[in-house]
Amino acid sequence: PGEGAQAGELNILTRMMNASLPYSYEYLGNSMRLVVTPLTDRCYRTLMGALHLSLGGAPEGPAGTGKTETVKDLSKAVAKQCVVFNC
């Protein structure tokens, strides 16, 4: 069994490079996915590594470059709820 699994229960792990996260089974709707570019791939790798270490991430850059959409797409890939707020 995977991490935290009970007897007779299977956990699915999402893996990227050396990082792994348990799949959370959070239904996030049926919507379009982002086109993966080298920049979004790098962001995914960095955020997955941070989440693997129980940390978080805050992408930064110019407005309109897809930071929020990239984070939301990664959360959809690992089925975790993503709440976006501006402060």
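The buried residues of helix H2 pack against helix H1. Buried means under 20% relative accessible area, exposed means over 50%, and partly exposed lies in between, for a 1.4 Å probe and protein chains only. In H2, the buried residues are Thr70, Asp73, Leu74 and Ser75. The model is predicted, so local features need pLDDT of at least 70, side-chain atom pairs count only at pLDDT 80 or more, and totals for chains, interfaces and linings use all residues. Residues are numbered from 1 along each chain as its sequence is written, and side-chain values use heavy atoms, with hydrogens and water left out.

Helices (H or I, at least four residues) and strands (E, at least two) are DSSP runs, numbered from the N terminus. H2 covers residues 67-77. H1 and H2 pack at an angle of about 60 degrees, and their axes are 10 Å apart. That makes H1 oblique to H2. Axes are lines fitted to C-alpha atoms, for helices over the stretch in contact, and angles run from 0 to 180 degrees between N-to-C directions. Angles under 35 degrees count as roughly parallel, over 145 as roughly antiparallel, 65 to 115 as roughly perpendicular, and the rest as oblique.

Contact means heavy atoms within 4.5 Å. On the H1 side, Thr40, Cys43, Tyr44, Leu47 and Met48 take part; they meet Thr70, Val71, Asp73 and Leu74 in H2. By class, this contact has six nonpolar, two polar and one charged residues. Ala, Val, Leu, Ile, Met, Phe, Trp, Tyr, Cys and Pro count as nonpolar, Asp, Glu, Lys and Arg as charged, and the others, Gly among them, as polar.

The largest nonpolar core has eight residues: Ala19, Leu21, Cys43, Tyr44, Leu47, Met48, Leu74 and Val78. Strand E2 (19-22) and helix H1 (38-52) are the elements that give two or more residues to this core. H1 gives the most, with four. Such a core is a set of buried Ala, Val, Leu, Ile, Met, Phe, Trp, Tyr and Cys residues joined through side-chain atoms within 4.5 Å.

Leaving aside neighbours within four places in sequence, Val78 is in contact with Thr14, Leu21, Pro22, Tyr23, Ser24 and Met48. Thr14 lies in strand E1 (residues 13-16). Thr14 is buried, because its relative accessibility is 15%.

Leu51 lies in H1. Its relative accessible area is 34%, so Leu51 is partly exposed. The C-alpha atoms of Leu51 and Leu21 are separated by 7.6 Å, although these residues are 30 apart along the chain.
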